[in-house]
Amino acid sequence: MSVIECRELSKAYLRKKVLNQISFTIEENKITGVIGRNGVGKTTLLKIMAGFTKETSGEIRVLEQRPFNNLYTSVNSIFVDDQMSFPPALQLQELLEAAQTFYPNWDMDFAQRLFKYFNFDPKHYHNTLSKGRTSTFNAIVGIAARCPITIFDEPTTGMDEAVRKDFYRALLKDYIDHPRTILISSHHLEEMEDLLEDVLLLKNGKVHLHIPISDLKEWAIGLQGQASSVLPWTEGKEVLYQNQIGLNATYVVIKNDLSEAELAQARLNGVKITPVHASDLCIYLTSDTKGGIDDVFINR
Amino acid sequence: MSLSTANLMETVKKQYSFKLKANIDAISSLVGIQLVAILFSLGGIGGSLSSSEGLQINFNYYSADVVLVFTMFWALVTAITITTKPYRNHDFTFVTNRLSSSLSNILFLLTGSLLGAVTANLSRYLLQLIAFLFRDQQVYSGPFDFPVFILGIVMSALYIFCVCSIGYLIGALVQVNKSFVLLVPVLIIGSIFLGESILVQLFQFYVMEPNFVFFLIKILITTALFFLASISILNRMEVRR
C-alpha cells in the first residue's frame, strides 16, 4: 500500500519554483532517505507532506488524504526538525506528558528510557538546551510518538557523532519492533546507509532518482588509470564525475552499464575499476559540474 | 502501524488544557497588571464639596474601573500575542489543524476573560478594604447584591472577551501582512481625529445599551463575527515556513 503519493507536485515561493512537478510514491513501512543539496526543496517537500505548507499545484495524498490543514494527517504523522517549537513555560518532563496526550501511539516508558539514557534533566526547559541537545530531545519525541508517518528533517543537526550513531540505532531498533513509514532528510548519507531502504534523490526541484539503496550502491562505477586508456570507455556515456590525478592519470565515474566482457577488457587495458560509495555518488549526481570544487581553481 | 482517527472536539479539548499550562505566563501577567491597576486606583477619584456655611466635605471615590480597563488592555495584548508565529508553531509540534488551533485559543481567551472579570470585580472590595484599613476615612459601600455582582462579572467578561476578539483579528491580519502593524493603529488614531462621531456612536451602541438582552445580543454577535473572520483568515495560513 502506498502511503504517500505525489503527482506533478509543484511549490513556488514568490514565483521562485522550489519543487517542479515531481511525482513519486512511497510505500508503507519503508525508510526513505530524502537526499539533495542545500536549497533543493527537501524541507519544502517534507513540510507539504506534514500539512504545514500548501502545494502550489499538482496533487499530494498522504494516507489517501490531502495533508494541508488535515487533522487526520496531523494525528498520524510527526515532523521533527531543529525548529520544533515548544512552549517555554513547560519543563521537558511536562513536554513529554503533553506529547503523550496528543499522540495515540506514544510510548511513555520508551520515551523515559531514552530521556534517561541521554541524560536529560526533567526539570530543564527546552529553550535552554544547546543545539545538539535540542535535536536529541526532538528526536526522542519523534521516535516515541510512533506515528505511522514519521518525518525527520535533518534530525542530527548539532549532534555529536556518538549521539548520531545512537539515534540511528534507536530509530532502527524501534522501527523493527514497530514498523512505520519513515522519511529522513540528512546530509550524512554514509552514516544512514545501513538504515535506509530507499533513496529519493532531489535535484533542481525534480526527483532525480528514487531507487533502493542497494541499487544505488551499484548504480555507478569508478574507472581509474591512464587518461588514454580510461577515456575511450566514457565515449557516448554520461560522465558523472571526472578528476585529474597527477599528470596523466584520471578518475571518472560513469553509470554501471558495462557488460562483464567490457569490464574484463577495461581491466586488461590497465583501468582500475572501483565501486562508488552511495554518498559520493549522490554528491556527483547532484553536482552541476563534473569536477566539483576543483573546477573553480583550474583554467583561471 | 495502526492508523488513528482524529476528532475535532477531542483535539480542541486536549489543546485547551495544553494551552492552560503552556500559556501560564499570560495568566501571571494578568495578575501583575491588575495589581498595578489596583495601585493606581488606591488614590481613588477625589473630590470635595463646600457650602456657604463653611462646611467642607472631602470624598474619595474608589472603583475598580481602572482595573477593568487594564484587564481589557491585557486581553488585547494577549489575544494578539497568541496569534504570533511561535504560539501557532507550538500547536503544530503536536496534533492540530488550523481550526482546532483557533478554537482552543478562543477557549483559552474566554477562560482568561472570565478570570479577569472575576478578579477585576473582586478588586473593588479589595480597594475598599485597603481604604478602610489604611486611610483615616469613613468608608461607605453600596449594598452588596449578589445578582448584581454576578451580572457585573458577566458583563465585564463579555467586554473583555469582545476585546479579545478584536485583538485576535488584529493579530490574524498582521500574520497575513505585516503592513497591518502600521495600518491598524493609523486607522484607529485616524478615526479619533477625523470622525469623532464614529467612536461616540460605537460607545453609545455598545456601552450605553440599557437593555441587558440587547446588550448581550450585540456584544455576542460582534465577538462571534470578529472570531469567525480571524478563523477564516488563519485557516489559510502556512506554518513554519
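Strand 10 of chain A, residues 220-226, is mostly covered, with 5 of its 7 residues buried (20 or more other C-beta atoms, placed from the backbone, within 10 Å of the residue's own). Strands here are DSSP runs of E with at least two residues, helices are runs of H or I with at least four residues, and both are numbered from the N terminus.

The strand runs antiparallel to strand 12 (residues 249-255) of chain A, to which 7 bridges join it, and Ile221(A) has Ile254(A) as its bridge partner there. Strand 10 of chain A is also joined by 4 bridges to strand 13 (residues 272-275) of chain A, again in an antiparallel arrangement, with Leu223(A) standing opposite Ile273(A). Two strands pair if DSSP finds at least two bridges between them.

## Model and numbering

This is a predicted model, in which local features need pLDDT of at least 70 and side-chain atom pairs count only at pLDDT 80 or more, whereas totals for chains, interfaces and linings use all residues. Residues are numbered from 1 along each chain as its sequence is written, while chains are lettered from A and ligands numbered from 1 in the order in which they are written.

## Annotated span

An unreviewed UniProt entry carries the annotation "domain: ABC transporter" for residues 4-229 of chain A; such annotations may be inferred rather than shown by experiment. The span is 35% helix and 30% strand, and its end C-alpha atoms lie 46 Å apart.

## Contact between the chains

The contact takes 32 residues from chain A and 29 residues from chain B, where contact requires C-beta atoms, placed from the backbone, within 7 Å. Helix 1 of chain B gives the most to the side of chain B that touches chain A, with 6 residues.

Technical notes
Two residues are in contact if their C-beta atoms, placed from the backbone, lie within 7 Å. A residue is buried if 20 or more other C-beta atoms lie within 10 Å of its own, exposed if 12 or fewer, and partly exposed in between; C-beta atoms are placed from the backbone.
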